[in-house]
Amino acid sequence: MQSSAGKLIKALYETFPDPVLATDRRGRITAVNQAAIEVLGYAEAELLGMDPTRLEVPGEGGFYPERAASAWDANEGWICRNVRLQRKDGSVLAAELRQLPVSPQDGAGAGLVSMVRPVSETPARETDPADIDQLFPSALESISHGFAIYDQADRLLICNSAYRNMHEAFKPSIAIGRTFEAILREAVESGRYPDAGETPQQREDWIRQRLDLHNNPIEPYVQRVGADQWVQIEDRVTADNYRVALRADVTPLVRARSEAERLGFILEGVGQEIYLVNPKERRIVYANKAACDNLQYSLEELRAMDVRQLNADYSPAELTEKMQPLLTGKIRALNIDTRHRRKDGSIYVCRIRMELMGGTADPMILSFGEDITLRIDTEAELERKRTEFESLVRSLPDIISRAKPDTTLTYVNENYARFSGRRPEEMVGRKFMEFVAPDARQEVLAKISSLTPEAPMKTLERPMVDAAGRQCWYLWTNLMVYEDGKPIELVSVGREITESHQAREQIAHQTRELAARNDALEQFAGMISHDLKAPLRQVRLFADLIAEDVSSGKTDELGVFSAHISDRAKAMEQMISSLLEYSQLAYQSIRPSTFRFSEAVAEAWSNLAVHASEARARLIAETDAELHADLNLMIQLLQNLFANSIKYRMADRPVEVRVDVEVGDTAVSITVADNGIGIAPQHADSIFGVFKRLHRDERLYSGSGLGLALCRRIAESHGGTIVLDSSYRSGARFVITLPRVAP
Amino acid sequence: MPDAAYHLGPELDRAVNRMDFFRLFKALVINQNFLYFVLSEVSGDDEGVNLLSPHALHNLPDSSLGKTNGKSVGAADPVVLRSKLATAPFFMDLLAQPSDLVGAGNARSAIAVPLHTVAARRYCLVMFGDAGEPDRGELALIALDAALIFQRYYEVILSLDSITGLNDREIQIVRWTSEGKTSAEIAIILGLSEHTVNSYIAAVLRKLHVVNRAQMVASALRSGLIA
Amino acid sequence: MNSDQPQQPMKILLVDDDPAEHLLLRRTLDKVDGPPLELDYVADIASAVESVKAGGIDIVFLDNRLVPNNDFRETAPQLREAGFIGPIGIISSDISGSYFQEFPEFGVDFRIGKSEIDRTTISFIIAEYTRNQLSDNCAEDFS
């Protein structure tokens, strides 16, 4: 620690433009300022410890005048005289030497402060005393310090502008001739002193205090003169009762000190524990409040302890070993998670970071400690949540994956792995496109690349095949996570929707079927209205003709007309009854059972026995196949086909009907072929329409035109089809395909 | 218009020739329990109705044409006279005011619907029969149906005068005509009836505002319709 | 069909596979005013072609569906190929099928529902399709 004189010199004269030398009572230079080094030409090291008389021009003396000792003893303050000093380079410096003895508070010995004020040699000699009066103020002006002299009555005699400007508060009231007290009072009363207080009493007290310091100066003190301005005030009373006031702006110094103080406060205030440890002595030099509080020791107690005793985890030896790399400079910092023991013996978990500070001579370890008991709790909580989340994800039936934007997988859940028939580790790191069926890749890729920060999530339904080869439908939701507009992660969730998809498909299928049925019904209604209207029109017209002829007495054609009417009416009756039959059969629901197909064939044929024998028809049906279908409807179907075969026969040869059944893996194919007149290929489809009449003379080929329409309805209601084999030339051949249904 | 004409059925939009419009007007008349109709232009003050005009349509029986000899009916006929003045449809009792349009004893009443083309030419549809006077609502519906059919008739048949440009068939026929083929020859070449070919030629004459085949060919050549 | 010429009976050919239609049309024609109308009847298109080739037919009423042909689009062109240039009208109990709209392209002049045929309609058809549509100065001797 520096002495108060040293402090003074440091504070006041470090930036003083003139050389200042401090000497101790042994007459050795103990301190110099920068100006001394520059002006005298010696290095600081050379000056320190030097006898100041070596600076005198040999033979001229000057540093210790005879009368000085007595003057100092009399405490006369500054002693001034002109001397000549010699610089290191030998050149001579004419200067005014101002000296002041300094008495340290502890009374350890007096020193001497010497200010060397160079005077330009020639002018100084040649200037007459009159000029000095002018020279003095201008010289005063040139110093950066505030300087003022008050006379015996404390009236301001002279001051430099630095003094005026030193602080805003004082300045407006300064006038030559005013007393210090008057100036001060005015300044205070104008409210320019922030620290003077609010009430008149406070102000009065403050002024008193201030005046006392002015009149009985003890040592320099710092006064705040503005919001952020500090001045060091040093008042002196000369032997002849003049008061010399010196002012130095110490704002930067004060500021720096207050920063340091603030830093100290901060260190004290932070929640983190801070220790400064002397590793050699293993003593705590400093610990902040947080550290003291948590450890329950006072700073003094801590300072008295071996720092290693605080650690509850490691023995002192272990700790020393652990610290070794830090102390030897191998590492810059050491982090350890350990436990500290409080004064009451309780223990807390803390994370310590230690750094080696300072130079090599006296290293310190600065360590920051953090009580991580809470953090450990939080981490445990997070871990618990993560586990919960994972078990949730595991228990979800969905497929979940996380991937980089380029689809490289970073996470897959168990389900996805199971679905793909792999282990999760096998999948992570590969692009998930590899696990997408090749024909779906383009669509998936297009979907993913269409994601934007504005629309980061899209869904896609697609079929997938699992590891077992099962075809299923998944609804994928892809979410791209963006950060600052850049994709960083793709989260995909696939939910199996096979069942709902199938249900939807089924509904769509039913809707289509319904629409087709409605179309057929509409067409059917149109056909009926047309085909029933046509004979009705003729009935009406012939009836009109009969009426006309009767009224005009003509009778020759009446028989013909009535025969036509009867004929048309009969045709209509047949049409209507087959319509009824059709609607009964076509729209009834099927009641499937398992039967031998030959039964149905025999039954259908026997129903037509009369017509068959008339036409000398022969049935060839050798099958032992079993069928699961509606027996009655199948008989009806076969009967209609057989009836057609008998009806549209060649006049010149007996009818031959051949039935074959082929049972395949998924379908049963039934063919019914005859040797009749056949059907032209262009009618292959239209014959299945309602009331389709292909042959002109219905009397020759009696029928309602509904038979094949009914056959088609029956086949379709079994989920099958019936078509005319238009390649068959030697008659008509129909092919019925029914899905093979297990009973 | 398709909505308003919905009850007339799809036939209205399908009508392409005079036969089709005959069928439409006749169906309208029969539906209203009338027997006959005349659609004719009603022109200048002192002119009568020319039933042989190529724009007229009617289903009057020859026997009912009585005194008119199938040609025209004078401007003084009560039905014709009133049709010229009327702007709204009206009903007439023919027993009180017999008309030469339909022979005596053929009809007891008439309903007339004045019609207008966009070119401000006036037509009138007159229905004859034995039905009684319809109420105002019925009359309005008859007038609406008549106007809808007539508007279509105008678009498809009557407006040819204002149409420029020939369709493919017409150009074919003009081209064959320019090579000296007769209508019958063209009919054979194109697989049409002579009547249809002549219909096309008549349409082209009207479109080109010429009166004979020579002018037709010359005009078509000039305007680059044929080369 | 010049009106100046001595009146020759107009000859209509009915092509329909239902003979009852012949009977009915015959009676309808009898009621038409004016000059007498002759009616020929055949039941199939082959006979119709023979008939028009033989000449003397002024107008053909063609049933839309002649079994085994599909519809008029198969039959009417056969008459045109036979060189018939008189009017052809399609008769049918139902002319609402959308393909009817194409009738002009198949050489057909008009269409009519069977229930629409009565004496006034026949009168109109005769008048419409025998009318000289072109004025006298449009005679064909322009060359």
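What pLDDT does chain C average, and what percentage of the residues score at least 70? Chain C averages 85, and 88% of the residues score at least 70; pLDDT is the predictor's confidence in each residue, from 0 to 100. A few notes follow, for reading alongside the model.

1. **Ground rules.** This is a predicted model, in which local features need pLDDT of at least 70 and side-chain atom pairs count only at pLDDT 80 or more, while totals for chains, interfaces and linings use all residues. Residues are numbered from 1 along each chain as its sequence is written, chains are lettered from A and ligands numbered from 1 in the order in which they are written, and side-chain values use heavy atoms, with hydrogens and water left out.

2. **Confidence.** The model scores ipTM 0.83 and pTM 0.50. Within chain C, strand E3 (residues 59-63) has the highest confidence, at a mean of 95, and helix H4 (residues 119-130) the lowest, at 90. Helices (H or I, at least four residues) and strands (E, at least two) are DSSP runs, numbered from the N terminus. Chain B averages a pLDDT of 83, with 89% of the residues scoring at least 70. Please take care with residues 1-5 of chain B: pLDDT stays under 50 there, and the model has seven contacts for them beyond four places in sequence. Contact here means heavy atoms within 4.5 Å. Where pLDDT is low, the predicted coordinates should not be read in detail.

3. Chain A has 23 helices and 27 strands, and 38% of its 743 residues are buried. Buried means under 20% relative accessible area, exposed over 50%, and partly exposed in between (1.4 Å probe, protein chains only). Among contacts in chain A between residues at least 6 apart in sequence, 47% join residues at least 24 apart. Chain B has eight helices and seven strands, and 52% of its 227 residues count as buried. For chain B, residues 24 or more positions apart account for 57% of the contacts with a separation of 6 or more.

4. **Aromatic rings.** Over all chains, the search finds 19 aromatic pairs. One of them joins Phe150(B) and Tyr153(B), a tilted pair at 6.4 Å centre to centre with 50° between the planes. For such pairs, rings of Phe, Tyr and Trp (its six-membered ring) must have centres within 6.5 Å; planes under 30 degrees apart count as stacked, over 60 as edge-to-face and the rest as tilted. Phe150(B) and Tyr153(B) both sit in helix H4 (residues 136-156) of chain B, three residues apart, about one turn of the helix, and both are buried. Ring pairs also link them into a cluster with Phe21(B), Phe22(B), Phe25(B), Phe37(B), Tyr123(B) and Phe124(C).

5. **Strands E26 and E27 of chain A.** In a regular strand the side chains alternate between the two faces of the sheet. E26(A) pairs in the antiparallel sense with strand E27 (residues 733-739) of chain A over four bridges, where pairing takes at least two DSSP bridges. Thr737(A) in E27(A) is the bridge partner of Thr721(A). In the loop between E26 and E27 of chain A lies Ser726(A), which counts as partly exposed because its relative accessibility is 31%. Ser726(A) is 46 residues from Ala680(A) in sequence, and their C-alpha atoms are 7.6 Å apart.

6. **Helix H1 of chain C.** This helix (residues 19-30) has twelve residues and reaches 17 Å from its first C-alpha to its last, close to the 16 Å expected; the expected span is 1.5 Å times one less than the number of residues. Its buried residues include Leu23(C), Leu24(C), Arg27(C) and Leu29(C). Asp18(C) caps the N-terminal end of H1(C), with a side-chain oxygen 3.0 Å from the backbone nitrogen of Ala20(C).

7. **Two polar residues in chain A.** Glu355(A) lies in strand E14 (residues 347-357), and a polar contact of 3.0 Å joins its side chain to that of Arg353(A). A polar contact is a pair of N or O atoms within 3.5 Å; within protein, one must be able to donate a hydrogen and the other to accept it, and residues adjacent in sequence count only if both atoms are side-chain atoms. Asn415(A), in helix H15 (residues 414-420), counts as buried because its relative accessible area is 13%. The side chains of Asn415(A) and Arg418(A) are joined by a polar contact of 2.9 Å.
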